[in-house]
Structures are given as structure tokens and as C-alpha cells.
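This briefing accompanies the sequence and structure shown below.

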Amino acid sequence: MNFGCIASINSVTERESYFMKKMLIGIVIFFLIIPVDLINFNTHEMSINKVAYDETFPSIAHGNTVSQQFVPQYNYIKRLEIYVREVNCDVSQGYLKFCILDAEKEDVYEIKVPLTEMPSPGWYTIFSDIEIIAGETYYLTIDAVEVLDEGPRLAFFTNVNTAAKEEEGQELSYAGFKVENGNLKVSFEYMKPLHKLDYLAYYLFAIFIVSFLVTKMNKIRKG
Amino acid sequence: MKKKDFISADFFIVVLITVMTILYVSLIFNRNIWTDEAFTMDLVNSNSIIGIIKETAVDVHPPLYYLIAYIFVAIFGTSFQVYKIVSIVPMILTMLLAIVYIKPWFGEKTAILFILFLNAMPCVMEYGVQMRMYSWCIYFISLAALSAYGYCRFKSKKYLLFLTLAALCACYTHNFAMISAVFIYIFLGVFLILRERKIPFKWLLSGSVVSVFYIPWLLVLYNQTNNRVGNYWISNIDKETVIGYFADIFDSRIPYSTIMFVVLLFLSFVLLIIRMCYDKSNGLFGIMLFLVPIFTAFLGVTVSILITPFFIARYLLPCMGLMALGFALAFGNEKKYTYIFLCLFLVCMIGNSYYENYKEEYLSTNVAGFLEYMDEQMDDDDIIIYNYEMFDFIYECYFDAEHLVFLEDFDFGTEYENVWFIDSCCTPWLPDATLTQYGLTKEYVNTFSIEHNEFRLYRIYK
């Protein structure tokens with residue numbers, strides 16, 4: 001097939017063609033040796049519990065800590081959310097304390113949120129843009145601190161089939177006791193690196209644009 | 001060009017169309033559908049031709065697509081695959097326009113680019129296999145635009161006839177395809193008036209024929225529009241919505257794909273404007289191709305702001321063939337390497353689009369697992385009850401209506417072997433007291449999903 005090759009090649013066009021070839025080979029090599037990390041594009045992935053009727057903890061105040069063991073799938077959590085079923089408590093005082101602990105129960109992340117910020121009902125983002133190690137075991141602990149009554153009601157499931165991927169085979173405990181087949185209603189949104197093969201689209205697009213602009217500039221230069 | 005080149009170019013285009021057809025066909029071997037597709041199946045399966053026309057008159061879309069589907073179903077049966085093939089056929093016909101018109105008129109490079117751009121735009125492959133009318137709209141509008149060009153260039157009545165038929169079909173397929181067809185006529189008319197310095201009679205005649213044949217549905221459209229003012233499902237349009245149209249058309253799983261396509265769109269515009277100064281017909285035609293979707297969107301947005309929200313990005317799908325041709329015309333004259341890299345980029349985007357749609361068609365829900373389980377376990381006397389009332393017509397696509405009962409309408413005292421309860425975890429709930437009253441046992445089976453609605457399946461028995 002004729003892709004627009006010039007039928008009669010004179011010395012000028014031959015030189016240009018040679019130059020174009022060299023330049024494009026250079027661009028291709030340049031893009032191939034750029035470490036993918038330098039242009040590090042990310043994509044999102046969600047992980048959430050399967051559908052079921054949820055239940056609520058009677059109280060997360062007075063030391064009745066909720067602790068959900070989890071194993072993250074990727075290294076960067078864009079958003080970690082929990083589901084608040086209802087806030088039928090006195091919100092004038094107190095806060096919710098959310099912690100992420102590592103396998104040795106050392107604090108990795110901690111945040112305190114006033115009760116007034118809790119939706120009723122709804123998803124609440126407890127952590128955003130946090131780095132974590134994929135495949136390692138962590139604990140998400142939740143306490144209502146300095147509240148005047150039982151605190152807000154958080155949702156969980158008592159069905160092993162509803163666990164989010166991070167909760168599969170992991171333990172949910174309430175007030176120090178294991179909740180049989182329990183898993184907290186949570187949503188993990190990750191930022192994960194794009195697959196290396198996907199970068200091909202960017203490389204080809206960039207090479208096309210450079211090639212396009214060089215061709216046009218040559219045309220303008222020649223008048 | 002040598003004869004050998006012609007043969008090889010034709011062969012290459014045919015291979016490209018064949019590969020794309022295989023990709024489309026590979027996406028249809030599933031029973032995954034969403035609400036609108038269930039509506040199509042329900043409408044076509046349970047109505048005669050007259051019934052379809054009557055039903056569409058009280059819905060929002062014109063009847064031609066449903067009538068085409070009706071004919072296919074009458075000949076080939078009511079399987080999901082037949083419905084999906086109904087949508088693939090116009091995609092093949094649109095690609096064949098590359099051989100019939102685009103290659104002879106604009107060259108093989110443009111023809112190849114047309115096919116690549118058409119399928120690389122992320123939204124196209126998604127709707128190319130859906131049981132909806134959009135792929136037919138793409139075909140009719142592309143044919144109308146090419147026929148308009150053919151008439152301008154060759155002044156042949158044949159093209160005017162094709163334009164008339166294609167525009168009329170577009171009008172009877174989708175309301176916004178009708179608007180795009182109107183703009184094709186307007187641009188053609190303006191061009192002819194400026195060129196010939198008089199009102200072109202044949203153009204007027206063609207437009208009049210389309211108008212006269214469309215009048216019966218225009219009255220229906222008027223009533224439909226009036227009935228939906230203030231109570232249509234589309235939400236209000238603001239600045240973000242309009243900017244979001246680009247993402248709706250060009251966004252894919254690869255981040256920034258919208259930006260890449262918008263850059264191509266900008267470069268196309270610049271190239272076509274420059275070309276217009278040298279080669280008036282091609283450059284101007286290319287710009288017109290882009291102006292049709294722009295004007296369609298502008299009118300849709302204006303109507304939505306002034307009257308009631310009627311327009312969403314999906315309604316620009318009929319113009320995707322025009323966009324692909326506009327891109328192809330703009331970049332069809334590029335030098336060898338530039339052209340090859342553009343083609344490779346588009347092939348990459350087609351692969352990306354295919355991967356995304358494959359996941360959507362086969363992996364996004366576990367309908368297959370659910371249906372397989374029910375095929376094995378369900379007896380003839382079994383009843384399926386459900387508590388998500390809105391999904392009744394979707395369940396009817398999978399099971400006989402006589403086996404399906406809404407939870408609140410079901411009498412647990414009747415005779416049955418098993419009751420299968422599709423529990424979408426919404427109201428109405430099935431109270432434990434009811435089960436106790438009739439001495440029933442409820443056994444959890446699994447969590448499945450249909451059309452992104454997850455549900456828990458229970459078997460209830462005595």
C-alpha cells in the first residue's frame with residue numbers, strides 16, 4: 001500500500017526522509033528508556049462489601065472498640081469510607097477516633113472527627129490519600145470518645161459472603177470479642193499504577209504529535 | 001496509483017472490517033443487559049408491529065429501530081444474541097462506507113483512518129453491541145452526510161435519493177438523529193445556495209419529502225415533549241455537564257484519553273480550516289462534519305435550559321460516524337511515519353476499548369453464574385419472587401412471566417415446590433413471621449447480580 005511515499009525521490013526529500021527516520025527512531029528510544037515511574041499515571045479501583053442487610057453495633061462508646069482486620073490490595077488508598085447507619089445520639093460533645101494500626105498494633109494513622117460531621121445515614125470518608133503496604137495486615141479501630149451517650153451506629157454484616165476483598169478471612173472484633181463471620185461495612189478506593197502496557201497509548205500519541213509537529217514545521221520552513 | 005496498490009488497499013480495509021466485526025461479535029455471547037436493553041426486549045417480544053408503534057408513541061424514541069429488531073427476531077428467534085447482532089449489523093454497514101464511498105472519494109488512507117477512528121472512540125464499541133438504536137443512528141447519519149457530499153460533488157440524483165432515505169430513517173430512529181439530519185440538510189442547503197446563487201430545487205424537494213413523511217411522527221413528538229416538560233429523568237444542565245460531554249464520549253480506562261482526543265479534535269479543526277483555503281470542498285466538508293454534532297449539542301443544551309432537560313451526551317452518538325470521518329479527512333494526508341504512528345495509537349485505543357467492553361460484558365456482573373444455577377436447580381413448578389419492583393421487566397427477559405411474582409403479591413399459602421427469593425435488600429422485606437406462619441425454611445444460596453443490582457438469592461421451602 002502507498003502510505004503517501006513520494007514517487008520520485010530527489011536528494012532534498014531523501015535527506016528529509018533520512019532525518020525523519022533518525023529523529024523518530026530517537027524519539028522511540030527516548031520513550032522506551034524513560035522509566036515508567038517518571039510519568040506515573042494512576043487509575044482508580046474500588047473495593048466494597050457485597051449486598052446484604054446490615055446490622056449496627058449497639059454502642060461504640062465507653063471503650064467498646066470496633067476493630068476490623070484488613071489486608072489492602074494496593075499501596076495507596078485514595079479514600080477509605082465507613083457506613084454510618086444513624087446518628088441518633090447527642091452530638092454536642094465527643095468525637096470518633098479512627099486509627100489504622102499495623103500488624104504489631106502500632107499506630108500508623110489516626111484521626112479524630114467531631115460527631116457533628118457524621119452523616120445519618122451515609123458513607124463517611126475517614127482517611128484519604130494515605131500510603132500503606134499492599135498485602136500486609138492492618139487494623140482499623142473505631143472508638144466514640146467523650147460522648148454523652150452510646151454514640152452513632154456503625155454498620156456491619158454477619159455474613160462471610162459479604163466481606164470486601166480486604167476483609168476476606170480477617171477478623172472483626174467488638175469490645176474485645178470476635179464477631180463471628182463479621183465484617184465492617186467499608187469502602188476502599190485505591191489509586192493504582194497503570195499497567196505498563198497501557199503506557200503504549202501515551203507513547204504512540206506523543207510520538208505522533210512530535211512527528212506531526214516536525215512535519216508541519218518543515219512545511220512552514222519551506223514555505 | 002498502481003492496480004496492485006488498489007487491490008492491497010481494498011484487501012487491507014476488508015481485513016480491518018473483518019477483524020472489527022470479529023471483535024464486536026465476540027462481545028455478544030452473554031446474557032448481560034441493562035434497563036434500556038430490557039425495555040427493547042420487552043417491547044419487541046410482547047408486541048406486534050402496530051403495538052410497537054403505539055408503545056413507542058407513548059415512550060420517547062421513534063419506532064424504526066424496534067421494527068428492525070422485530071423483523072430480525074421474527075426471522076432468527078428471540079435470543080439475546082439476535083438482539084445484539086441487530087446492533088452490530090449497522091456498525092458493519094458503517095465500516096463498509098469506507099469501501100463504497102470514502103476510499104474512492106478521499107483515498108485509502110482516509111478510509112483506513114475512518115474505520116480506526118470510528119472504533120477507537122471509547123463510546124462507540126460500547127453501544128455497538130447494545131440492544132439500542134444508536135449504531136443504526138450512526139449508520140443513517142454517516143450515510144446521509146456522505147450522500148450530501150456525493151450530491152454536491154457529482155450532482156447525481158442517486159445521492160440525493162440516498163440522502164432522503166437515510167435522513168428519513170434517522171428521523172424515525174432517534175429524535176436527536178433527526179436534529180443531526182436537519183443540520184446536514186441546512187449545511188447542504190447553505191453550501192448549494194452559495195455555490196449556485198439560487199435556491200436549489202432538488203435539495204428543497206428532498207427536504208420536503210423527508211418533512212412530509214416525518215409529519216405523522218412530528219405530532220407524536222410534540223405530544224411526547226409536552227408530556228415530559230418538567231418531569232423527565234434527565235437532570236439539569238450546567239457548565240460542568242457540558243464540559244462532561246467530552247469525557248462521556250472520549251473517556252476510557254486509560255487516564256487522559258479525553259485530553260488526547262480533544263487534542264486530536266483541535267488539530268483536526270486547524271488542519272481542516274487550513275485545507276479549506278486550498279481545497280474548498282474537502283476542508284469545508286470536514287468542518288461541516290464536526291459542526292453537525294456541535295450544533296446538535298448546542299440545540300439540545302439550549303432546549304434543555306429553556307424548556308426542560310432533554311439532552312445527554314449519549315444523544316451525540318448518532319454523530320460519531322461524522323466525527324470519525326472528520327478526523328480521517330483531517331489526518332488522511334499525513335506523511336508516512338506520522339500516519340503510521342496515528343494508526344498505531346488508534347489500534348491501541350481500540351484494544352483498550354475492547355478490553356474495557358469485554359470486562360463490562362463478561363465480568364462486570366455474575367448473571368451467567370446466576371442463570372446457570374437457576375437452569376440446574378429450578379423446577380417447572382417453582383416460583384421466583386422479588387422485592388425490587390422496578391426490575392420486573394428485566395427479570396422477564398430471563399424467566400417466564402408466569403414464574404415471576406412481586407413479593408407483596410405472593411401468597412405463601414399456595415402450592416409450590418420451591419420459592420426462589422431474589423432479595424435486593426430493599427423494601428418490602430420478607431418478615432420472618434411470614435415464614436414461621438407457613439412453616440417455611442429460608443436458605444441462603446449466594447449473592448448474584450443483574451444489571452449492577454446485587455441481590456441475595458434464597459431458596460424457600462416447606
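**Domains of chain B**

The C-alpha centres of domain 1 and domain 2 of chain B are separated by 41 Å. The model is predicted. Domain 1 covers residues 3-363 of chain B, and domain 2 covers residues 367-461.

- Where these domains meet, domain 1 of chain B contributes 10 residues and domain 2 of chain B contributes 9 residues.
- On the side of domain 1 of chain B that touches domain 2 of chain B, 5 residues are nonpolar, 3 are polar and 2 are charged.

**Overall form of chain B**

- Chain B contains 19 helices and 5 strands.
- The C-alpha trace of chain B extends over about 85 × 50 × 45 Å along its principal axes.
- Buried residues make up 42% of the 462 residues of chain B.
- When contacts in chain B between residues at least 6 apart in sequence are considered, 71% of them join residues at least 24 apart.

**Packing of helices α8 and α10 in chain B**

- Helix α8 of chain B comprises residues 134-154, and helix α10 of chain B comprises residues 175-196; their axes come within 10 Å and cross at roughly 5°.
- Because of this crossing angle, α8(B) is roughly parallel to α10(B).
- By class, the residues in the contact of α8(B) with α10(B) are 12 nonpolar and 1 polar, with no charged residues.
- From α8(B), the residues that take part are C137(B), F140(B), I141(B), A144(B), A145(B), A148(B) and C152(B). They meet A177(B), S180(B), A181(B), I184(B), L188(B) and F191(B) of α10(B).

**A position in helix α13 of chain B**

- L265(B) is located in helix α13 of chain B, which runs over residues 257-278.
- L265(B) counts as partly exposed because it has 18 C-beta neighbours inside 10 Å, and a residue is buried only from 20 or more.
- Although L265(B) and G326(B) are 61 residues apart in sequence, their C-alpha atoms are 8.9 Å apart in space.

**Contact between chains B and A**

- The contact between the chains involves 30 residues of chain B and 25 residues of chain A.
- Elements of chain B that each supply at least two residues to the side touching chain A are α1 (3-26), α6 (108-120), α16 (336-363) and β5 (453-461).
- Helix α16(B) gives the largest share of the side of chain B that touches chain A, with 12 residues.
- This side of chain B is made up of 17 nonpolar, 4 polar and 9 charged residues.

**Overall form of chain A**

- Chain A contains 3 helices and 13 strands.
- Of its 223 residues, 30% count as buried in chain A.
- Among contacts in chain A with a separation of 6 or more, 83% are between residues 24 or more positions apart.

**Backbone features**

Most residues other than glycine have a negative phi, and most peptide bonds are trans. The following positions depart from that pattern.

- In chain A, the peptide bond from S120(A) to P121(A) is cis, with omega near -5°. P121(A) belongs to the loop that lies between β6 (107-114) and β7 (122-131) of chain A.
- In chain B, the peptide bond from T427(B) to P428(B) is also cis, and its omega is near 0°. The loop between β3 (419-423) and α19 (432-437) of chain B holds P428(B).
- K105(A), a residue other than glycine, has a positive phi near 65°. K105(A) is situated in the loop between β5 (95-101) and β6 of chain A. K105(A) is exposed because 10 other C-beta atoms lie within 10 Å, and the exposed class covers counts of 12 or fewer.
- N181(A), a residue other than glycine, has a positive phi near 60°. N181(A) is placed in the loop between β11 (177-178) and β12 (183-184) of chain A. With 13 C-beta neighbours inside 10 Å, N181(A) is classed as partly exposed.

Methods
Residues numbered from 1 in each chain as written. Chains lettered and ligands numbered in written order. Predicted model: local features only at pLDDT ≥ 70, side-chain atom pairs only at ≥ 80, totals over all residues. Helix = DSSP H or I, 4+ residues; strand = E, 2+ residues; numbered from the N terminus. Contact = placed C-beta atoms within 7 Å. Axes fitted to C-alpha atoms, helices over the stretch in contact; angles between N-to-C directions. Parallel < 35°, antiparallel > 145°, perpendicular 65-115°, else oblique. Nonpolar A, V, L, I, M, F, W, Y, C, P; charged D, E, K, R; others polar. Domains from an automatic or database assignment.
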